[in-house]
Amino acid sequence: MISPFTGGCLCGAIRYECTAAPSEIHMLKCHCRDCQRLSGGPYTPVVYIPAGKFKITKGTLRHHVTQSEGWGTHRRGFCPECGSRVTGGESPGSTGLGVPASSLDDPSWFKAQAEIWTCDVQPWDPLDPTLPKYDKYPRGPAK
Ligand SMILES: [Zn+2]
Ligand SMILES: [Zn+2]
């Protein structure tokens with residue numbers, strides 16, 4: 001990856017920039033049912049960024065909140081024009097936020113460091129045998 005990196009929604013109304021160093025971001029694949037329903041795919045490829053290292057440079061997100069088993073609520077930001085999901089992972093007390101790797105201008109550098117919510121993985125979604133796996137959230141030992 002190159003820092004800063006940029007991304008945005010499908011139509012271009014929302015643009016963002018991230019100034020975090022490579023060592024400050026975390027990358028994971030979340031296979032939970034919420035991600036499946038929300039994304040239309042089998043998992044969300046998450047790039048998690050510390051608060052303060054991310055800013056919207058164009059447009060204004062529309063936020064929606066759903067219930068979260070681990071955090072009470074989960075707040076995600078969407079483009080109000082095209083509906084693309086641009087941010088996520090914001091909960092009470094969270095120290096950062098996530099963007100789906102698919103929203104990056106160059107998604108090719110995404111490299112997952114862990115797979116989470118493998119309890120919900122679909123049979124047509126092969127897991128990477130080299131990555132640590134967590135039934136739900138990455139607390140406790142990996143499998
Ligand atoms: Zn858009
Ligand atoms: Zn998920």
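Tyr137 lies in the segment after E10, where helices (H or I, at least four residues) and strands (E, at least two) are DSSP runs numbered from the N terminus. The model is predicted: local features need pLDDT of at least 70, side-chain atom pairs count only at pLDDT 80 or more, and totals for chains, interfaces and linings use all residues. Residues are numbered from 1 along each chain as its sequence is written, while chains are lettered from A and ligands numbered from 1 in the order in which they are written.

Tyr137 is partly exposed, with 14 other C-beta atoms within 10 Å. On this scale a residue is buried if 20 or more other C-beta atoms lie within 10 Å of its own, exposed if 12 or fewer, and partly exposed in between, with C-beta atoms placed from the backbone. Apart from neighbours within four places in sequence, Tyr137 is in contact with Gly70 and Ile116; two residues are in contact if their C-beta atoms, placed from the backbone, lie within 7 Å. Tyr137 and Met27 are separated by 110 residues in sequence and by 14 Å in space, C-alpha to C-alpha. Lys143 is also placed in the segment after strand E10 (114-116). Lys143 is exposed, with 9 other C-beta atoms within 10 Å. From Ala13, Lys143 is 130 residues apart in sequence and 41 Å apart in space, C-alpha to C-alpha.

The protein chain has one helix and ten strands. Their order from the N terminus is β-β-β-α-β-β-β-β-β-β-β. With a radius of gyration of 15 Å, close to the 15 Å that the globule rule gives for 143 residues, the protein chain is as compact as a globular protein of that length. The radius is taken over C-alpha atoms, and the globule rule is 2.2 Å times the number of residues to the power 0.38. The C-alpha trace spans about 40 × 30 × 30 Å along its principal axes. Of the 143 residues, 30% count as buried. Among contacts with a separation of 6 or more, 50% are made by residues 24 or more positions apart.

Strand pairing was assigned where DSSP finds at least two bridges between two strands. One open sheet consists of three strands in the order E1-E2-E5, with antiparallel pairing. Strand E1 (5-8) and strand E5 (54-58) are the edge strands, each pairing on one side only. From one strand to the next the twist averages 30°; axes are lines fitted to C-alpha atoms, for helices over the stretch in contact, and angles run from 0 to 180 degrees between N-to-C directions. Four bridges connect E2 and E5 in the antiparallel sense, and Tyr16 stands opposite Ile56 in E5.

With E4, the pairing is antiparallel over five bridges, and Cys30 stands opposite Thr44 in E4. With E10, E3 runs parallel and is joined by three bridges; the bridge partner of Leu28 in E10 is Ala114.

Strand E6 (residues 62-68) and strand E7 (residues 72-78) run antiparallel and are joined by seven bridges. E6 and E7 form a hairpin with three residues between them, and Gln67 stands opposite Thr73 in E7. E7 is also joined to strand E8 (residues 85-90), by three bridges and in the antiparallel sense. Here Gly77 stands opposite Thr87 in E8. The E7 and E8 hairpin has six residues between its strands, and Gly83 in the turn has a positive phi of about 85°.

The largest nonpolar core holds 26 residues, of which Cys18, Cys30, Val47, Ile49 and Val86 touch the most other members. Such a core is a set of buried Ala, Val, Leu, Ile, Met, Phe, Trp, Tyr and Cys residues joined through C-beta atoms within 7 Å. At least two residues of this core come from each of strand E2 (15-18), strand E3 (26-30), strand E4 (44-50) and strand E9 (96-100). E4 gives the most, with three residues. Beyond its neighbours within four places in sequence, Cys18 is in contact with Pro4, Phe5, Ile49, Lys53 and Phe54.
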